[in-house]
Amino acid sequence: MRMKLFFVVLFVVLSATRSFAQGELPALKVMGKDLVDDSGQKVVLHGVMDTPNRYFNGWRWQGWKAGYNDEDVQPCLDYFEKLFTAISDRSQGCYCTVFRLHLDPCWTNDPNKTLVGEGGEHNISQFSAQRLVRYWKSLYSKLMEKALAHGLYVILRPPGVCPKDIKVGDDYQSYLKTVWGTVTQANVLKEHSGHVSIELANEPVHVYAADGSSSKSALRDFFQ
């Protein structure tokens, strides 16, 4: 039987919770199956996901234009500042305490590279490690910090989605290691330990061992 995997960070609690005022964001840790705050109380987080991609936001900033480059960063940051202000507004009665941020491949892909194979977010042939570093510094980390400043915990989702099949030692494993190896070295991420989580991969997939066989250890080996 092929092993199916859905990587996602789940914040699930079954008992009493504690609310935090904006600006009072304690570090969270795992205790058993729960997230707990600094006093050991279980925490429930409510939130949404968005992606810094004009298309998926209905062209609400800049309107339609081709490509994503340095001149597109500030309009994107300005838009998300408005978004974070709205979703964290506690006076509405319904508000968010966590935001899932997609490191959208529209920024990390190099349009000058040749697209190999069919298109889609699972295609990593145009991925650029240089663009990841560039836009982590100027965009993604800034969006993360803006969300935190509004009292929102953050989940970082990797660029794009998994292909249907992934295998220990394949190109996609190397790609994910490059993404998270780069991001987790950032001092700003280390400074927000307990406030920011990473979602190792995205979408249901089949995970195989290096020899192509299904194995209970394939998942563990894939992320070693």
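Phe84 is buried, its relative accessible area being 0%, where buried means under 20% relative accessible area with a 1.4 Å probe and protein chains only. Phe80 is likewise buried, at 0% relative accessibility. The model is predicted, so that local features need pLDDT of at least 70 and side-chain atom pairs count only at pLDDT 80 or more, while totals for chains, interfaces and linings use all residues. Residues are numbered from 1 along each chain as its sequence is written, and side-chain values use heavy atoms, with hydrogens and water left out.

Phe80 and Phe84 are separated by about one helical turn, because they stand 4 residues apart in helix H1 (residues 73-87); helices here are DSSP runs of H or I with at least four residues, strands are E runs of at least two, and both are numbered from the N terminus.

A search of the whole structure finds 13 aromatic pairs. The rings of Phe80 and Phe84 have centres 5.9 Å apart and planes at 55 degrees, and the pair is therefore tilted. Rings of Phe, Tyr and Trp (its six-membered ring) pair if their centres lie within 6.5 Å, with planes under 30 degrees apart counting as stacked, over 60 as edge-to-face and the rest as tilted.

Phe99 is buried too, with a relative accessible area of 1%. Its ring and that of Phe80 have centres 6.4 Å apart and planes at 75 degrees, so this pair is edge-to-face. The pair links distant parts of the chain, since Phe80 lies in helix H1 and Phe99 in strand E5 (residues 98-102), 19 residues apart. Ring pairs join Phe80, Phe84 and Phe99 with Trp61 and Tyr79 into a cluster.

Conventions:
Buried means under 20% relative accessible area, exposed over 50%, partly exposed in between (1.4 Å probe, protein chains only).
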